[in-house]
There are 4 protein chains.
Amino acid sequence: MAEHGDGWHRTGLRVLYGDTDAGGVVYYANYLRFFEAGRTELIRSLGSSYRELEERGFIMPVVECQLRYKSPARYDDLLVIETRITAVRPVSCRFEHRIFRKGESRLLVKGYTVNAVTGADGRLARFPDGFRTMLEQVCCGE
Amino acid sequence: MAEHGDGWHRTGLRVLYGDTDAGGVVYYANYLRFFEAGRTELIRSLGSSYRELEERGFIMPVVECQLRYKSPARYDDLLVIETRITAVRPVSCRFEHRIFRKGESRLLVKGYTVNAVTGADGRLARFPDGFRTMLEQVCCGE
Amino acid sequence: MAEHGDGWHRTGLRVLYGDTDAGGVVYYANYLRFFEAGRTELIRSLGSSYRELEERGFIMPVVECQLRYKSPARYDDLLVIETRITAVRPVSCRFEHRIFRKGESRLLVKGYTVNAVTGADGRLARFPDGFRTMLEQVCCGE
Amino acid sequence: MAEHGDGWHRTGLRVLYGDTDAGGVVYYANYLRFFEAGRTELIRSLGSSYRELEERGFIMPVVECQLRYKSPARYDDLLVIETRITAVRPVSCRFEHRIFRKGESRLLVKGYTVNAVTGADGRLARFPDGFRTMLEQVCCGE
């Protein structure tokens, strides 16, 4: 699953036992794993990949994130991770995320991450040219 | 390690290999694990425990959180998780967190969580009386 | 992806940053997550699900497992988790697992789990009838 | 906590919510995290550290492990991870692990890991001299 259209890229993900906690629901930290899956698949859907960016000597560490937990996901749920880009700046960009149960309209979790761009030395760097253009083409604005 | 004083409770935590990622630093989701350790030990230091609260039929799910990543923690670092309570409301409270390397003053990560209070049925509930008073006694205001 | 044939069920899985460690490879514990995904999808492919078993009041805790690490999986690898059942006994069964990079023949990790069957009270129980028959139909022997 | 004596090194560890799963117990993969903590603290107690070994250009990847799950650990349990070395060979060594609840004699989990020694290039290497001697001094035999 990996579609576009309204600016949101969608990727599917099945909840493992290992994602849940003793409360019977997905552990709150693990939604950040799901956000990571969403970002990675969005970039892949554009014809590049985060691994390729790394091989060119760049990384995109998360410098800020926020999550709002509306309703819990549970074991074996098939989730849809929606991801879109809402800002592309010289040395950073911003991803928005929403998580739903597949086939349902109730929002489970939403949030964003701000990712910086750095060289392998950890110093802020500008996006490689083609990469920035690629992100801008799907950027929705905030 | 578990001290008070300036409103911040401090707990120590050693970074495992299993906390890190291929970037050579702690994976961004895992700081939420560290925040959890901080909240749990703060409550224990007040003479109660989160497990005890659960046994009385209440849970405190995180409904919102934010993290700002300033500088990465690395494998085998001994971290200090600082936690304080900045708001106690009828059906929720707010924890602030800061993470440092032990003996260093450079802030690595900071953030907060807002925790609701619910009964075992998942419905918002008021804190049990003694528990709320206990949190208020160390609440620092926002 | 979910095929059968030679007794091995196959399911695909993409390695996240969150699965890796500072050694640049998948953290050794996380292959047990991948094994879990393999078992779950094998059971689903048979027309049932582990969640359904739970809803009938049974669980299948792992009582023993072994892993042999031959070659490391890395960030963004697309893995194939191969799973088959090699023993079905009254109160337990045994799953074998092998992990490959998709399209490659080099074995990365292999291992097994022995899963007991218990009621919700944690006591050993016999498999529900239909469930045991279902597992036996794909059991390969040891 | 970090004592020796009967060959077993002991280190304490508090179970987080994030270590548990929807079954209400510690997720089976996470005991390998606890084993890692045990190995790391055993080496530290000998006056060296795994990080130091890495800085000298060596790593000790796990090439095999086994776990036997006797009784589940639960949220907020204070665990004692017991670790000892039972073999030191030219290019590998073997750690045994046992996990108990603090103050209790019932075994929860036991297992072992076999760790190879490699250079940064991933090729098998001999232990640096002093390091091997250090391990041999606490080796208990199998």
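I started at Glu64(A), which stands opposite Arg68(B) in β3(B). Strand β3 (residues 62-69) of chain B and β4(A) run antiparallel, joined by 5 bridges. For the record, two strands pair if DSSP finds at least two bridges between them. Helices (H or I, at least four residues) and strands (E, at least two) are DSSP runs, numbered from the N terminus.

Bookkeeping before I go on: this is a predicted model, where local features need pLDDT of at least 70, side-chain atom pairs count only at pLDDT 80 or more, and totals for chains, interfaces and linings use all residues. Residues are numbered from 1 along each chain as its sequence is written, while chains are lettered from A and ligands numbered from 1 in the order in which they are written.

Next I looked up the whole A/B contact. I find 16 residues of chain A in contact with 16 residues of chain B, contact being C-beta atoms, placed from the backbone, within 7 Å. On the chain A side, α1 (30-45) and β4 give two or more residues each. β4(A) has the largest share, 8 residues. By type I get 10 nonpolar, 3 polar and 3 charged. Here Ala, Val, Leu, Ile, Met, Phe, Trp, Tyr, Cys and Pro count as nonpolar, Asp, Glu, Lys and Arg as charged, and the others, Gly among them, as polar.

The same surface serves both copies, with 100% of the contact residues of chain A recurring in chain B.

Then I checked B against D, where the contact takes 11 residues from chain B and 10 residues from chain D. α1 (30-45) and α2 (50-55) of chain B each supply at least two residues, and α1(B) has the largest share, 3 residues. The chain B side divides into 5 nonpolar, 2 polar and 4 charged.

Last, the loop between β4 (62-69) and β5 (78-89) of chain A, where I found Ala73(A). Is Ala73(A) buried or exposed? It counts as buried because it has 23 C-beta neighbours inside 10 Å; the cut-offs are 20 or more for buried, 12 or fewer for exposed, and partly exposed in between. Its contacts include Val15(A), Leu79(A) and Leu108(A).

Conventions: Two residues are in contact if their C-beta atoms, placed from the backbone, lie within 7 Å. Lists of a residue's contacts leave out its neighbours within four places in sequence.
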